[in-house]
Amino acid sequence: MDCFASLAMTAGALDCLAEPVIGARWPHAPPRLARPAVVNQGMTPPKNASIEIKALAKDLRAGGRAALARAITLIESRRADHQAAARDLVQALLPDTGKAIRVGITGSPGVGKSTTIDVLGMFLIERGHKVAVLAVDPSSVRTGGSILGDKTRMARLSASDSAYIRPSPASGTLGGVAAKTREAMLLCEAAGFDVVLVETVGIGQSETAVCDMTDFFLALMLPGAGDELQGIKKGLVELADMIAVNKADGDNIKRANLAASEYRGALHILNPRSEHWHPPVETYSALTGVGIDTLWQKILDHRTAMNASGEFAARRRQQQVKWMWSMLEQRMMARLRADPAIRTKVKKIETEVADGRITPALAAEQIAEMLR
């Protein structure tokens with residue numbers, strides 16, 4: 001008992017008594033059991049969060065991959081304190097952003113988006129670029145996480161030290177673009193990546209969101225999939241800065257060229273996104289790599305044309321403003337969900353609308369009044 005009396009005077013006494021010591025079960029010390037969480041109001045508060053943000057920003061600017069991963073995890077968190085820290089971090093890194101070439105890539109499932117990014121990314125790395133890929137996966141209904149695992153289909157790129165791939169769940173957002181993709185893009189730029197590729201889900205939803213955060217919007221198409229003009233969604237093509245027909249290899253070359261010709265004809269009857277750039281239609285093969293250099297050259301040509309006309313800077317500024325309004329809408333919706341009193345009232349209003357007792361317009365006005 002003398003031993004235990006001595007131990008009782010130490011902070012670990014309760015841990016020793018938590019389980020009986022049987023024989024020589026623990027040769028050195030018994031294992032510590034998890035204690036119930038207790039908030040000590042008198043304890044010393046944690047160190048200044050601003051200091052931690054400064055350290056994280058410094059590591060990220062130095063190109064630390066672990067720091068970049070932690071930073072993106074921070075901005076994707078839904079905790080209020082994490083969101084506040086993320087805002088401070090992005091603000092601190094803002095002067096180090098904006099220098100990368102931002103490319104959005106979309107296309108129907110099976111068109112070869114991930115394979116194309118793998119080949120294009122390696123092509124760029126061989127020429128001295130650092131490539132970041134933000135691959136937005138569909139979300140699992142059960143867990144909310146990514147389900148496609150795009151990173152596994154970018155085998156060579158994921159093994160390169162000059163590339164960073166971050167799969168993110170779409171989380172139900174329009175166009176399959178993760179809500180925090182914009183912030184993640186800025187973090188990648190601050191970490192020294194000069195090319196950022198954003199891969200969208202491409203399941204037929206509006207792709208406007210990806211255009212509002214990238215400089216170049218690439219739409220991938222398949223040859224020989226029936227009527228080629230059926231594959232053109234008018235809204236998508238009006239947003240695209242280039243259409244690229246994949247799988248132009250082997251016996252498929254003729255069909256790919258035919259599809260490209262039909263797409264070119266269709267583009268002539270549509271108004272281009274910019275008066276300074278007419279979207280080209282190219283063929284390539286993600287399997288063999290043929291045509292990848294042409295795709296990249298078109299992206300560079302587009303940047304040159306936009307810079308010369310002043311439209312590049314104007315588009316970036318418009319994107320920033322749209323981003324602000326998008327964030328405001330998210331904040332308002334988050335407030336509706338977070339406040340228990342408001343949530344109860346909104347549920348009651350929903351019931352009244354469903355029962356036909358009030359109109360949706362009146363219901364929306366009542367909910368808007370709650371936010372004032």
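## The model and its chain

Because the structure is a predicted model, local features are reported only where pLDDT is at least 70 and side-chain atom pairs count only at pLDDT 80 or more, while totals for chains, interfaces and linings use all residues. Residues are numbered from 1 along each chain as its sequence is written, and side-chain values use heavy atoms, with hydrogens and water left out.

The secondary structure of the chain comes to 15 helices and seven strands, where helices (H or I, at least four residues) and strands (E, at least two) are DSSP runs numbered from the N terminus. Of the 372 residues, 42% count as buried, a word that here stands for under 20% relative accessible area, with exposed meaning over 50% and partly exposed in between (1.4 Å probe, protein chains only). If one takes the contacts (heavy atoms within 4.5 Å) between residues at least 6 apart in sequence, 72% of them join residues at least 24 apart.

## Strand β1 and its partners

Strand β1 covers residues 101-107, and seven of its seven residues are buried, so β1 is largely enclosed by the rest of the structure. Ile101, Val103, Ile105 and Gly107 point one way from β1, whereas Arg102, Gly104 and Thr106 point the other way.

Two strands are said to pair if DSSP finds at least two bridges between them. By this rule β1 pairs with β4 in the parallel sense over five bridges, and β1 also pairs with β5 in the parallel sense over five bridges. Ile105 has a bridge partner in each of these strands, namely Glu199 in β4 and Leu218 in β5, while Gly104 stands opposite Val198 in β4.

Strand β4 (residues 195-199) has five of its five residues buried, so β4 too is largely enclosed by the rest of the structure. Val195, Leu197 and Glu199 point one way from β4, and Val196 and Val198 point the other way.

## Cavities inside the model

A search of the whole structure finds three cavities of 30 Å³ or more. On a 1 Å grid over the protein atoms alone, a cavity is a set of points where a 1.4 Å probe fits but cannot get out, and its lining residues have an atom within 4 Å of a point. Grid points are joined across faces, edges and corners, and a volume is the space filled by probe spheres set on the points.

The largest cavity has a volume of about 80 Å³, and its lining consists of Arg102, Arg182, Met185, Leu186, Asp212, Met213, Gln319, Gln320 and Trp323. The elements that give two or more residues to this lining are α8 (181-190) and α13 (311-338). The lining divides into four nonpolar, two polar and three charged residues, where Ala, Val, Leu, Ile, Met, Phe, Trp, Tyr, Cys and Pro count as nonpolar, Asp, Glu, Lys and Arg as charged, and the others, Gly among them, as polar.

The second largest cavity has a volume of about 50 Å³, and the residues that line it include Val237, Glu238, His278 and Pro279. Its lining divides into five nonpolar, two polar and one charged.

## An aromatic pair

A pair of aromatic rings is described by the distance of the centres and the angle of the planes. Rings of Phe, Tyr and Trp (its six-membered ring) pair if their centres lie within 6.5 Å, and planes under 30 degrees apart count as stacked, over 60 as edge-to-face and the rest as tilted. By this rule the count comes to one aromatic pair, formed by Tyr164 and Phe193, which is tilted, with 6.3 Å centre to centre and 45° between the planes. Tyr164 lies in strand β3 (residues 163-169) and Phe193 in the loop between α8 and β4, so the pair ties together parts that are 29 residues apart in sequence. Both Tyr164 and Phe193 are buried.

Thr214 lies in the loop between α9 (208-211) and β5 (216-221), and at 1% relative accessibility Thr214 counts as buried. Leaving aside neighbours within four places in sequence, Thr214 is in contact with Arg102, Val103, Gly104, Met185, Val198 and Gln319.

Asp118, in helix α6 (residues 113-125), is buried with a relative accessible area of 9%. The C-alpha atoms of Asp118 and Ala286 are separated by 8.5 Å, although these residues stand 168 residues apart along the chain. Lys247, in the loop between β6 (242-245) and α11 (253-267), is partly exposed at 34%. Most residues other than glycine have a negative phi, yet Lys247 has a positive phi of about 65°.

How values were computed:
1 Å grid on protein atoms, 1.4 Å probe; cavity = no way out; pocket = protein on both sides within 12 Å on 5 of 7 lines; lining within 4 Å.
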